Structure formats: structure tokens, C-alpha cells
Amino acid sequence: MMEQQEASTDAVMTRIGQAIMLLHGGDREEARNRFGVIWAEIGEDGDALHRCTLAHYMADTQDDPGDELAWDLRALNAAEGLSGGRVAEHRDSLVVRAFYPSLHINLAADYVKLQRPDAARVHLDRARKASEVLAVDGVDDGYGGGVRAAIGRLERRLREL
């Protein structure tokens with residue numbers, strides 16, 4: 001039974017990964033469709049790692065900034081439901097804390113698009129604080145630099161508002 005459960009977990013992450021590749025390849029519509037099918041299968045109460053990963057990328061497929069915000073909020077909510085043990089079970093996992101800078105940057109960017117600079121600043125501050133862990137935990141393999149660059153870009157945009 002345990003092997004079957006692990007295989008099914010890997011299958012879900014594999015399908016999410018395939019949709020992410022479509023998204024990165026420029027096929028936002030097909031990625032959105034596949035994410036939608038997977039979301040319908042796993043649901044609001046499904047595995048937190050699946051929900052976090054899927055919602056994080058589903059947000060990037062949205063045309064409407066309000067819909068993008070809703071998906072980014074789902075990703076943050078799912079991340080808060082993750083435990084270190086669950087993330088460690090997945091062979092391609094990151095430390096849970098490494099999710100937070102990106103999640104908060106996305107939320108800050110959403111709020112900028114929606115012309116809500118105060119909310120954007122709150123999440124930008126959270127992203128900055130959360131990013132401190134990246135170099136400490138050895139996750140600074142380019143990801144940390146990218147996070148810091150995104151924080152800098154958003155800070156400049158917020159100054160312009």
C-alpha cells in the first residue's frame with residue numbers, strides 16, 4: 001500500500017511538472033488547462049505540497065490580476081500547511097522556508113498590478129525577511145540571487161507608485 005501511495009504522489013508531481021514545462025515553453029493555455037484538471041482531482045484539501053506547487057504556477061497562467069492573486073494566496077495557504085517532513089519526502093523538494101520568498105514576491109507583484117501599494121509593501125517586507133534564510137540554508141544556488149533581484153525590482157516599482 002505504501003509503495004502505491006508513493007507512486008501516486010510522484011505521479012501527481014510529475015504531472016504538475018509537465019504542466020510547468022508547458023508554461024515555461026510558452027503554452028499558458030494548455031498549462032492552465034492541465035493545472036485545472038489536476039486541481040479538480042486533488043481539491044482544496046489535497047496534499048499541501050501538491051496544492052502549493054500547483055497554485056504557485058497556476059497563478060502565472062492567469063490573465064486577470066485578481067485571479068492571479070487568488071491563486072497566489074492559495075499557494076501561500078498551502079505552504080503554511082506544509083511540514084518539513086512532508087516536503088522532505090519528495091525527491092525534488094526544497095526546504096519549506098525556501099518557498100516563502102517567492103510566494104511573497106508574487107503576492108507583492110499581484111498587489112502592485114492591482115494598484116494596492118500598501119499590501120504590496122507588506123508582502124515585499126515578508127519576502128525580504130524570508131529571503132534571509134536562503135544563503136544560510138545553502139539554497140543560494142542562483143535562486144537566492146534571483147529572489148534578491150526580484151525584490152529590488154519590486155522596490156523600484158513601488159517607489160514609482
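This is a short chat about a predicted model of a protein chain.

Reader: How many helices and strands are there in the protein chain?
Author: The protein chain has 8 helices and 0 strands. From the N terminus on, the elements run α-α-α-α-α-α-α-α.

Reader: How much of the chain counts as buried?
Author: Of its 161 residues, 44% count as buried. The accessible surface comes to about 8,700 Å². Carbon and sulfur atoms hold 49% of that surface.

Reader: And what share of the contacts comes from residues 24 or more positions apart?
Author: They account for 60% of the contacts with a separation of 6 or more.

Reader: Let's look at a helix pair. At what angle do α2 and α3 pack?
Author: About 150 degrees, with their axes 10 Å apart. Helix α2 covers residues 28-42, and helix α3 covers residues 48-58.

Reader: Are they roughly parallel or roughly antiparallel?
Author: Roughly antiparallel, because the angle is about 150 degrees and angles over 145 count that way. The crossing of α2 and α3 is left-handed.

Reader: Which residues make that contact?
Author: From α2, Arg 32, Phe 35, Gly 36, Ile 38, Trp 39 and Ile 42. From α3, His 50, Arg 51, Leu 54, Ala 55, Tyr 57 and Met 58. By class, the contact has 8 nonpolar, 2 polar and 2 charged residues.

Reader: New topic. Where is His 104?
Author: His 104 sits in helix α6, residues 96-113.

Reader: Is His 104 buried or exposed?
Author: Buried. Its relative accessible area is 8%, and buried means under 20%.

Reader: What does His 104 touch?
Author: Leaving out residues up to four places away in sequence, His 104 touches Leu 76, His 123, Arg 126 and Ala 127.

Key. Residues numbered from 1 in each chain as written. Predicted model: local features only at pLDDT ≥ 70, side-chain atom pairs only at ≥ 80, totals over all residues. Heavy atoms only, no water. Axes fitted to C-alpha atoms, helices over the stretch in contact; angles between N-to-C directions. Helix = DSSP H or I, 4+ residues; strand = E, 2+ residues; numbered from the N terminus. Parallel < 35°, antiparallel > 145°, perpendicular 65-115°, else oblique. Left-handed = near helix turned anticlockwise from the far one by under 90°. Contact = heavy atoms within 4.5 Å. Nonpolar A, V, L, I, M, F, W, Y, C, P; charged D, E, K, R; others polar. Buried < 20%, exposed > 50% of the residue type's maximum accessible area, 1.4 Å probe, protein only. Areas by Shrake-Rupley, 256 points an atom, 1.4 Å probe, with all protein chains shown as cover.
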